Amino acid sequence: MDITFKNVSFVYQQHSPFAHRALDKLDLHIPSGSFVAVVGHTGSGKSTLIQHLNGLVRPTEGDVWIGDFHLNAEHKPKNMKELRSKVGVVFQYPEHQLFEETVEKDIRFGPKNFGVGDREIQRRVKEVLPSVGLTEDFLDRSPFDLSGGQMRRVAIAGVLATKPDVLVLDEPTAGLDPRGQKEMMEMFYAAHQEQKLTTILVTHSMEDAATYADHVIILNKGTKYMEGKPEAVFVQKEALQQVQLDVPEVVRFLDLFEKKFGMSIPYRRQSVKDIAKAIEKVMTGGSGHE
Amino acid sequence: MRSKLIEFRNVSFRYGEEQPWVLKDCSFEIYENEWVAIIGHNGSGKSTIAKLMNGLLFPQRGEIFIDQKPVTPDTIWEVRKDVGMVFQNPDNQFVGTTVQDDVAFGMENRGFTRTEMLTRLEEVLAAVGMPAYRQTEPHRLSGGQKQRVAIASVLAVSPQVIILDEATAMLDPKGRQRIMQTIKDVQHSKDITLLTITHDLHEIVQADRVIVMNDGQLWDEGLPREVFSKKDGLKEIGLDTPFISSLAEELKLAGISLTQEPLNHEELLEDLWTLHSRT
Amino acid sequence: MNNALVIGQYVPGNSLIHRLDPRTKITIIFFFVFIVFFANNFWSYAILTVFALASLFTSRVPIRFILKGLMPVWFLIIFTFILHMIVTKEGTPVFNIFTFTVYSGGILQGFAISMRFFLLILVTSLLTLTTTPIEITDAIEELLHPLKKVRFPVHELALMMSISLRFIPTLLQETEKISKAQASRGVDFRTGPIKERVQAVVPLLVPLFVSAFKRAEELAMAMEARGYQGGQGRTKLRELKIGKRDIFVYCLFIGVVIGLLFIRN
């Protein structure tokens, strides 16, 4: 599903002394099937943006299209449930939404609400478990007896079981240790490719954005500050620092390298190995440019 | 000779009879005024260590000493005067209805006079860079600001050691940086022993010493540089090596012989530059 | 975001009323509630009204906040008025509605009773409008202090109140977060038959309880780590002080009481 925001503003508590403009004339377009990272410091409007994607809030001004669903201040799609079944949202610390007695019941909860048949749910439960790295032994256990990381996987399974077209991820690796973070991101990336999802990753991690996304949108003060391919956006050190963001560590290193050696190794999202090779070339007298 | 401040002697711990051991026969020492980082994956037992240190939990086997005193149910209130703690969740340790009430909480518990509280309040809020927020309510603060208040609260009662138990885990990168900076400032300006518990290898760079935990056991102990050089091992126990170490590794594989394990960008570049000028 | 409205609708300010010791305010309101029932003629009501309105103007709280506070009780005040007007059969008949004859005494009586109501609500809401919840908590702790002798857990009660105050905004944010997460999983809190809507609350309440327990546990641990071991030997940062202005207000109030006792029939 294509996602389009046109001139979208959102004001919390309008007409009150506490009015706060969270989105300000935001325009953006996310083509179907892409993996987009939305990056911005705390308070840049990221979470408000997410809530527009499945109709939890509607714009105060402007228009939002999620596929054929149209949202604006006056217009609310009649089939809101259908929209929510098409857009799966993994909120920050999704394990906090677990409530059922067993893992299985919790995974079934979403699809059941969206009116999926029992047989089909059964099939989906079996299907999503391995993709979140859990086995069927977990199904009868209480989600509250699991470790934090496992609980999060159950919650994510519950979202994937609704078979969304669009997957929205809000800081999905927060609080996990490095291995957990990596596994989690690999898992989403696999799901993105296998199920041809449109994935929107909201993150603070420039590294994750650079590794997985094919398009990056930088948000600041509720509006689009920059966008483009990660390799184009992440080299703009000054512009990013303006909005309190850091460039990925690799870019920082390459920048220092250029200053020291007077030769540049352009950032192309290459692997650490390739960077080492490029450095080796410079060291042995070759040029940084291949 | 440096004096021992904390000592673990063959400590084992589990949450219940039927439960698996969370800590298995751990022994280590922490000396006065040093900064020790404990690192390990989630569930490696590192947070349990923190809770044992000020008597929030007691080991089934072995002994723990803080400043020569054994930690027992009889000594915990004494021990807690020496050991201050900052926990992971910024919200669940904020007791006061405003910043100043929260900072005062620990002082009130220890019976400080009001005049003393006011002086220290000024001082510690300045130390963590939050003097403008005295009257602010917690829900108007960011996670990072709350953690700085938590650090101020601990500083206010001047313990000998401060333990930060994954205090940055729930913060955004900027908040994390500020907390690490605050910690560094505090360590510079005060005679204090610092124990940071983390799973982020970036946060151990500035420590004097690192203890690596894995599955309840001491996996390694040494200087940050030494720990960083054990990349494969670290990866095996679920810890990621920082970019700079991975790069150093790849450079070695590419045939560049570095003189030392780099801790940061500058060190690596300096090393490369020296090698470069020689050729 | 809307926390400002939820916690006791405190309106920040620096007026005389704001700066009074909360114990003064609570004591005076306590006695005011009593003496309102002593009023029984025009002048006695007048003196109380003047006192209440003067306090209101001194506080410089915008009138609309007062009106907002009165909103839920307007109905009650009007209802009381009508009830007394219809039921009291004294004085001369004035007019008829439906089958009821309204007497002059009824109007007066209705007026008097609803006036009492109005004054009570005005004055008590002035307390919450000019005093932060935590000040009220402190004052209650101080005022109940004598009960410690009979082992009433005054300190614990006050601590409980202040921690609840501290966590109300946090739990509200949490409620909003979880209800949004569940709405995203297809829960409909707003439409559908009653039975379904009641069922829809379960996925909201269970996570809230789980999280509240977890918070309580962690908070208890943090408090213990920070040396909390009950009220014994504890000192306090926030202190309450009876100042000149408090004495002045007490005197004024005693004047009002004496005046009232003279004027009433």
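Mentor: An axis here is a line fitted to C-alpha atoms, for helices over the stretch in contact, and angles run from 0 to 180 degrees between N-to-C directions. The model is predicted: local features need pLDDT of at least 70 and side-chain atom pairs pLDDT 80 or more, while totals for chains, interfaces and linings use all residues. Residues are numbered from 1 along each chain as its sequence is written, chains are lettered from A and ligands numbered from 1 in the order in which they are written, and side-chain values use heavy atoms, without hydrogens or water.

Trainee: Why is α10(A) called oblique to α9(B)?

Mentor: Helix α10 (residues 249-261) of chain A and helix α9 (residues 243-253) of chain B have axes that come within 10 Å and cross at roughly 60°. That angle makes α10(A) oblique to α9(B), because under 35 degrees is roughly parallel, over 145 roughly antiparallel, 65 to 115 roughly perpendicular, and the rest oblique. The crossing is right-handed, the near helix being turned clockwise from the far one by less than a right angle.

Trainee: Which residues of α10(A) and α9(B) meet?

Mentor: Glu249(A), Val250(A) and Phe253(A) meet Phe243(B), Ile244(B) and Leu247(B), contact meaning heavy atoms within 4.5 Å.

Trainee: What makes α5(A) roughly parallel to α6(A)?

Mentor: Helix α5 (residues 148-160) and helix α6 (residues 178-194) of chain A pack at about 15°, with axes 12 Å apart. That angle makes α5(A) roughly parallel to α6(A). Arg152(A), Arg153(A) and Ile156(A) of α5(A) touch Glu183(A), Met184(A), Met187(A) and Phe188(A) of α6(A). By class, that is 4 nonpolar, no polar and 3 charged residues.

Trainee: How many residues link the domains of chain B?

Mentor: An automatic or database domain assignment gives the bounds: domain 1 (4-230) and domain 2 (242-279). In chain B, 7 residues of domain 1 are in contact with 7 of domain 2. About 670 Å² is buried between them, 66% of it from carbon and sulfur atoms; buried area is the accessible area (1.4 Å probe) that two parts lose on being put together, summed over both.

Trainee: What area do chain C and chain B bury between them?

Mentor: They bury about 3000 Å², 54% of it on carbon and sulfur atoms. Arg166(C), Arg226(C) and Leu237(C) supply 30% of the area that chain C buries against chain B, more than any other three residues.

Notes
Helices (H or I, at least four residues) and strands (E, at least two) are DSSP runs, numbered from the N terminus. Ala, Val, Leu, Ile, Met, Phe, Trp, Tyr, Cys and Pro count as nonpolar, Asp, Glu, Lys and Arg as charged, and the others, Gly among them, as polar.
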